[in-house]
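Visitor: Please show me the model, and then let us go through it by question and answer.

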Amino acid sequence: MSSEYKLPDVGEGLTEAEIVSWKVKVGDTIEINDIVVEIETAKSLVELPSPYAGTVEELLVPEGETVAVGTPIIRIGAGAAAGEPGAEPSGQTQAPAQAPAQAPAAPAVDEVIDTNVPPAEGQNSTLVGYGPRESVAQRRPRKGRATPASTAGSATQTQLQGAFAPGGAEAAAVEAPAEEEPVPAPAARAAEPRDGNGDVRVLAKPPVRKLARDLGVDLRSLSPSGPNGTVSREDVQAAASGAAAPAPTSAGHVHRGEREWREPIKGVRKMMGQAMVESAFTAPHVTEWVTVDVTATMQFCERLRARREFRDVRVSPLLVLARAAMLAMRRTPEINSWWDAAAQEIVYKGYVNLGIAAATPRGLVVPNIKEADQLSLLELAQALGALAETARAGKTQPAEMSGGTFTITNVGVFGVDSGTPIINPGESAILCFGAAKRQPWVVGSGADERIEVRDVCTLALSFDHRHIDGEKGSRFLADVAAIMEDPAAALLF
């Protein structure tokens, strides 16, 4: 008997995800909550823990495949479902445990649940979110860490576990394409899958199979060039035109040497595109610019780097800009508010979840630092460093990108002077930080006026003109510029 683990909705209301990499192989013995696969959702990379203990019998979806929520992705044999220790496996393709109708729903994205808190008297604890069980059992020891080290990452993992319960994954599940069943990866099969005629089944996505049928191409006659030995769209089109199939690159796509090539729009890049379109055509954007002499800020950063407590953290002008923006919000709270069109209300935030736009190989992500306004300058520097490191590694969790109230995008790292950024959905303003360059600048006044070489940069603020008028936007930008020109001005806020 065996159980199939279906792709869950990790609590973000997503309908599909890409299998990025398997962390287990056929024959491995795993425990409940061991990490089995890394997936890419429309927001980030997420590691999924197993709700079963047992032996991996089959990996049902190859790496690189995008499947719908609710699709079986791995088959595990001789294991018991979480919440039913010692129970016989169901052998069904549906959710492994039948939880009561009153099972708790999945927690919110930014909700942090302490799993070390013992259950109240008379209440049974649950392990992975399958609902109450008849007796309390001790948690099995894990082979490796199943949750991220950060608080935000822990919130995401807790939310992920709740997605296994009724009302979580099953409630949000979308039917997998009925045209073809998910195809297992070559390395995951004990034997080659065969069709009804006994012929070896070719690995290909349903759209590719349909294209082959429409063009009259026999998939079995093709040499696969896609990832994990799958037949790609280019293979089919080349066969239909009589041309040789293009050779794949290491990433599984046709690139150099071709006049044109295609890459699917999915994952983080797809979500980014949808969010930018929604924002650009919903909120009327206004952008204002100011050019600032930031020589004093550059000198201040040098003094901070020389201090003992800052020696192990990265200190840059972005740190000063982040603090300046949060101080300027005290005078212009509208910058840290949001236009709720559905409720016809303006929502003011008494906290700042500071988003920092980060470019990654998988697309633009905007993780945010929770309660950034409550951090000291050293803590803020540490948080900025951790945020950048996590984003570069592609490990930013959905909880770390939700709930932002204000965003800074730093285009100066690319040598760009500035830009007209698009507001992140759910916020009302975004500040663009351009490159600081050495330029001639007029200093002093009257008889003391002279030209010196100074560090100069341009700041640009885009804001929602429905409730932030020009006066408020200008005042906020002027206050930020004043602190960047003279960091000592922060004492006035």
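Guide: Two strands pair if DSSP finds at least two bridges between them. Helices (H or I, at least four residues) and strands (E, at least two) are DSSP runs, numbered from the N terminus. This is a predicted model, where local features need pLDDT of at least 70, side-chain atom pairs count only at pLDDT 80 or more, and totals for chains, interfaces and linings use all residues. Residues are numbered from 1 along each chain as its sequence is written, and side-chain values use heavy atoms, with hydrogens and water left out.

Visitor: Which residue in S8 is the bridge partner of Glu58?

Guide: Strand S6 covers residues 54–59 and strand S8 residues 72–77. They pair in the antiparallel sense over four bridges. The partner of Glu58 in S8 is Arg75.

Visitor: Is the pair of Phe406 and Phe476 stacked or edge-to-face?

Guide: Rings of Phe, Tyr and Trp (its six-membered ring) pair if their centres lie within 6.5 Å; planes under 30 degrees apart count as stacked, over 60 as edge-to-face and the rest as tilted. By this rule the count is one aromatic pair. Because the ring centres of Phe406 and Phe476 are 5.8 Å apart and the planes stand at 70°, the pair is edge-to-face.
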